[in-house]
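Please look over the chain shown below. The report that follows covers helices, aromatic rings and strand pairing in turn.

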Amino acid sequence: MSSRTFLVGGGWDAPEVYEPFLRVARGRSGGVPRVGCVIVDEGDGPAQFERYAEALRKSGVECAPVALLVPLGGRFEPEAALEGLDGLLVCGGLTPAYQEAFAGCADRLAGLLAGRGVPYAGFSAGAAVAARRAVVGGWLLDGVPVCSEDTAEDLEEIEVRPGLGLVPFAVDVHAAQWGTLARLVAAVEQGRAPCGVAVDENTVVEVRDGGGRVAGRGRVHVVRPGGNDGGGVAVRSYRAGESFDLA
């Protein structure tokens, strides 16, 4: 059984974006799904967990959230953490810290999820690190600003690091709200990522077989190399109910 992947672009106004993920988890369990919520704990982990648990409970699908707190600078150990879970939600925060927390298990987690049929959902940072080549932050390209410094994740130059490999494209988040589509465009144009998907807040992409289907209130912006003249990039936006192919 293969796993399913859901990418949420951030935002707290549309808890229904978790519904597709939770329905898959519920189908696996046959009852109330137990959903592990991975949070890199910067000192307020329990409070952050309650925020995600509340959002999940408001989704319209009954579930039982489980806190999986990873200390800042610590490592996520998937074998024990996944035991008894029907779904895994990797939450938001400082994206480089999440990438570092998963760095030691990136080559194992995808296989464990697929082998156990456990769906993965990523919120903000959790969506970004799901990529094979993860855009973890930065706001400068060769010293030139491409997006707001407020979106930089404590980095200067754009950084692309090894991710979990759950999706074949790079992911950026808070696209319309933070202007991060420009960062993803820069990463793809320079060849740091083969292609990319930027997700608005309160929006989810369900990824299957290298493509995606959009749900929620915003849009998803797909960045591919090569415009009509063979150079640069091409960007196309998709809204709820639309699908795209990015094998």
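## Terms and basis

Buried here means a relative accessible area under 20%, exposed means over 50%, and partly exposed is in between, with a 1.4 Å probe and protein chains only. Helices (H or I, at least four residues) and strands (E, at least two) are DSSP runs, numbered from the N terminus.

This is a predicted model, in which local features need pLDDT of at least 70 and side-chain atom pairs count only at pLDDT 80 or more, while totals for chains, interfaces and linings use all residues. Residues are numbered from 1 along each chain as its sequence is written, and side-chain values use heavy atoms, with hydrogens and water left out.

## Helix 5

Within helix 5, which spans residues 106-116, L109, L112 and L113 are buried. They lie on the same side of helix 5 because they cover an arc of only 95° around the axis; the arc is that of the directions from the helix axis to the C-beta atoms. D107 and G115 are exposed on the other side of the helix.

The buried residues of helix 5 pack against helix 3 (78-81), strand 4 (87-90), helix 4 and strand 5 (120-123), where contact means heavy atoms within 4.5 Å. After helix 5 comes G117, with a positive phi near 65°.

## Helix 4 and A97

Helix 4 (residues 95-102) is mostly covered, with seven of its eight residues buried. These are T95, P96, A97, Y98, Q99, A101 and F102.

A97, in helix 4, has a relative accessible area of 10% and is therefore buried. Apart from neighbours within four places in sequence, A97 is in contact with V40 and L72. Between A97 and E77 there are 20 residues in sequence and 15 Å in space, C-alpha to C-alpha.

## Aromatic pairs

A pair of aromatic rings is described by the distance of the centres and the angle of the planes. Rings of Phe, Tyr and Trp (its six-membered ring) pair if their centres lie within 6.5 Å; planes under 30 degrees apart count as stacked, over 60 as edge-to-face and the rest as tilted. By this rule there are seven aromatic pairs. One of them joins F6 and F21 edge-to-face, at 5.9 Å centre to centre and 65° between the planes. This pair links distant parts of the chain, 15 residues apart: F6 belongs to strand 1 (residues 5-8) and F21 to helix 1 (residues 19-29). Both F6 and F21 are buried.

W12 and Y52 form a tilted pair, with 4.9 Å centre to centre and 55° between the planes. W12 lies in the loop between strand 1 and helix 1 and Y52 in helix 2 (residues 45-57), so the pair ties together parts 40 residues apart in sequence. Ring pairs link W12, Y52 and F123 into a cluster. The charged end of R51 sits over the ring of W12, 3.9 Å from its centre; the criterion is NZ of Lys or CZ of Arg within 6 Å of the ring centre and within 35 degrees of the ring normal.

## The open sheet

Strands of a sheet pair through backbone hydrogen bonds, either parallel or antiparallel. Two strands are taken to pair if DSSP finds at least two bridges between them. Four strands form an open sheet with mixed pairing, in the order 10-11-14-15. Strand 10 (170-173) and strand 15 (233-239) are the edge strands, each pairing on one side only. From one strand to the next, the twist averages 20°.

Strand 10 pairs with strand 11 (residues 196-199) in the parallel sense over four bridges, and V173 has V199 in strand 11 as its bridge partner. Helix 8 (residues 181-189) packs on the sheet, touching strand 10, strand 11, strand 14 (219-225) and strand 15, and its direction makes about 20° with that of strand 14. Axes are lines fitted to C-alpha atoms, for helices over the stretch in contact, and angles run from 0 to 180 degrees between N-to-C directions.

## Strand 12 and its partners

Strand 12 (residues 203-208) is largely enclosed by the rest of the structure, because five of its six residues are buried. Strand 1 and strand 12 pair in the antiparallel sense over four bridges, with L7 opposite V205 in strand 12.

Strand 12 also pairs with strand 13 (residues 211-216), in the antiparallel sense over six bridges. The bridge partner of V207 is G212 in strand 13. Strand 12 and strand 13 form a hairpin with two residues between them, and D209 in the turn has a positive phi of about 55°.
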